[in-house]
Amino acid sequence: MPCPQPMSARSESTLCSLHILACSMGGCSHRASSGSTLDIQATDSTDSTPDMKLLTGDAEGNAGRPINRLPPELLVDILMHLKSRTPHDHPDAPNGRPWFELMRVCRHWHAIVVSNPCFWRTIHTGERTRWLHLALARSGEATLRLTFSRSCTLAAALPSLQAPRERIERLDFNCPTRSGVREVAPLISAPLPRMTEFSISANERRLSSPDSPEELLEFRPENFPTLGRLTLAHASLPWSAALLSRLRSLDLRGCQAKPPSIGLRDFLDVLQRGEMLEELVLHDFLSASCARSPGPPEPAPAVILPRLRKLDVSDTLLWIAGFLAHVHLPSQGEVTLTGQIDFADIQVNDAISYASMLPRDRDRLSFLRSATSARICVMDSVQWVVLDAPSGPLAVTLQLRARAPGTPWIQSPDDGLKHFTALFGTAPLTALTLQCELAKVAPSVLATTLDWFPRLRELTIASGAFGPDPFPLALCTCLRASPAWAQGQEENEKGVQPVRCLALAVLRLERVRWEDGAFVYALVECLRERERLGARRLDMLAIGASRASEVDWSEVDGRFAEVIGPLVGTYEFTGSVW
């Protein structure tokens with residue numbers, strides 16, 4: 001019997017109700033034991049002990065229950081779509097199987113689960129293979145969905161997987177190390193005709209030079225004729241139209257094309273054949289596979305992937321710029337671009353910024369002009385900005401990161417904010433989050449940053465990586481002063497010049513260091529001054545502060561709430577232990 005297909009949420013709710021009725025209202029009056037291997041044993045009809053009479057009566061009663069008079073096929077369909085209430089994070093725990101609790105309801109349900117392959121086709125294997133062997137034996141001819149989290153366990157399981165290899169539909173191998181990736185080679189060296197999803201991930205990432213060819217797992221697309229989703233780490237594969245034309249998802253991390261040193265034009269020609277691609281992830285693939293670093297954009301047709309909704313490219317600054325010069329970004333979904341900074345980049349350019357990984361012709365990069373929300377983070381060896389277009393159809397993340405520890409690239413918060421405004425100053429931002437040690441930012445830089453975005457309605461100040469951070473008193477000074485563009489303008493009807501961030505409606509302060517709480521008084525004076533200068537009253541002020549746990553702060557918090565409450569629409573304060 002084929003395994004049931006997914007049902008609608010309404011149907012699943014109905015099935016869950018049946019399960020509740022069966023268990024809580026006597027669907028099965030005699031529960032199975034807590035073990036998972038209980039079997040119904042034949043009994044002697046002449047045995048008339050009280051226990052056996054009770055057992056026989058229970059069995060006869062269960063057989064007469066309406067739910068147990070359902071055809072086995074329908075009961076399997078019901079049980080397959082019930083969600084488990086048992087946590088199953090640990091792959092080696094038998095009670096972590098989604099249907100384990102169903103086996104404990106009664107002997108009838110136990111027998112149904114044990115005898116139906118559909119319950120045994122999804123197999124998660126951790127440190128031991130005992131469960132794998134049991135599940136394989138009970139899976140019958142059902143297609144298999146396998147997950148391994150240990151390379152040594154996969155190696156030990158390979159002999160058991162050779163016989164059912166033609167039934168493997170999905171394989172996920174979460175490998176802790178780069179070297180362990182090659183353990184799967186014996187399994188994929190021959191055809192896997194029903195494999196639709198193949199995934200190998202490794203926790204280690206490349207820090208310097210690419211892997212040598214002999215260190216890579218060799219992937220042969222001809223062994224996967226029905227593949228639709230492919231995730232590879234530290235592997236070599238042919239960059240061919242035959243492979244890309246049938247994939248919906250491609251994720252390559254630390255991989256290389258085989259043969260290496262393909263030309264950029266050839267790379268783009270093959271990529272254009274990926275018209276079915278919905279997800280594309282390329283980490284260090286361009287620089288490891290293409291013949292030379294990209295120079296000025298070569299004449300080539302623009303690559304358009306009509307179904308693409310997720311794009312994630314991480315590589316050198318030059319290769320990301322070269323990629324963007326030829327490939328159109330999707331109009332909706334998620335785009336993540338990460339520029340990995342090496343020693344060579346610093347020697348060539350000592351003023352690295354977001355613009356360093358963008359092409360010179362930026363007319364096609366509409367997110368630079370249309371983003372309405374941005375979150376910028378600046379730390380010592382990494383900075384990024386997340387941008388959202390109107391109504392959220394496209395989210396773009398630009399990230400700069402030192403590839404290896406010790407790379408002498410450090411950006412100050414001042415530099416990060418300057419680079420941000422230089423590239424996105426024309427965007428109509430209405431929401432901005434600044435995640436850095438803002439107390440170290442020069443007041444003039446902070447003021448200039450806010451002046452670039454006069455439409456701001458929401459401003460969030462988040463702490464840096466090692467927060468909580470001291471409250472940036474310069475923020476109050478900036479918010480109660482006039483913007484630079486208003487210098488010399490006529491005063492309004494109240495006899496004052498416009499105040500900075502005139503449209504600001506929401507101000508959030510996250511993980512502020514409480515210290516003596518004096519910053520709250522500075523905020524109160526800032527709010528009063530903004531009101532006097534004609535700014536609208538804040539709809540919300542939210543403060544999250546870290547402070548000592550041994551002090552009773554209720555009286556202090558109540559006093560501040562009485563003072564701030566009349567100045568804003570809603571005041572929220574959250575105190576946490578530091």
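Which handedness, left or right, does the crossing of α10 and α12 have? In this predicted model, the crossing is right-handed.

**View 1. Packing of helix α10 against helix α12.** Helix α10 spans residues 264–272, and α12 covers residues 317–326. The two helices pack with their axes 12 Å apart, at an angle of about 55 degrees. At that angle, α10 is therefore oblique to α12. On the α10 side the contact is made by Leu 264, Phe 267, Leu 268 and Leu 271; Trp 319, Phe 323 and His 326 contribute from α12.

**View 2. Burial of helix α12.** Eight of the 10 residues in α12 are buried, which leaves the helix mostly covered. Among the buried residues are Trp 319, Phe 323 and His 326, each of which also takes part in the contact with α10. Leu 317, Ile 320, Ala 321, Gly 322 and Leu 324 are buried too.

**View 3. Surroundings of Phe 267 in the largest nonpolar core.** This core has 148 residues, and those touching the most other members are Phe 198, Trp 239 and Phe 267. Helix α18 (residues 518–532) gives the most to the core, with six residues. Leaving aside residues up to four places away in sequence, Phe 267 touches Trp 239, Ile 262, Leu 282, Phe 285, Leu 286, Cys 290 and Phe 323.

**View 4. Ser 139 in the loop between α6 and β2.** The loop lies between α6 (130–138) and β2 (144–148). Ser 139 counts as buried because its relative accessibility is 0%. Its side chain makes a polar contact with the side chain of Arg 167, at 3.3 Å. Beyond residues up to four places away in sequence, Ser 139 touches Pro 117, Trp 120, Leu 144 and Arg 167.

How values were computed: Residues are numbered from 1 along each chain as its sequence is written. This is a predicted model: local features need pLDDT of at least 70, side-chain atom pairs count only at pLDDT 80 or more; totals for chains, interfaces and linings use all residues. Side-chain values use heavy atoms; hydrogens and water are left out. Buried means under 20% relative accessible area, exposed over 50%, partly exposed in between (1.4 Å probe, protein chains only). Helices (H or I, at least four residues) and strands (E, at least two) are DSSP runs, numbered from the N terminus. A polar contact is a pair of N or O atoms within 3.5 Å; within protein, one must be able to donate a hydrogen and the other to accept it, and residues adjacent in sequence count only if both atoms are side-chain atoms. Contact means heavy atoms within 4.5 Å. A nonpolar core is a set of buried Ala, Val, Leu, Ile, Met, Phe, Trp, Tyr and Cys residues joined through side-chain atoms within 4.5 Å. Axes are lines fitted to C-alpha atoms, for helices over the stretch in contact, and angles run from 0 to 180 degrees between N-to-C directions. Angles under 35 degrees count as roughly parallel, over 145 as roughly antiparallel, 65 to 115 as roughly perpendicular and the rest as oblique. A crossing is left-handed if the near helix is turned anticlockwise from the far one by less than a right angle, and right-handed if clockwise.
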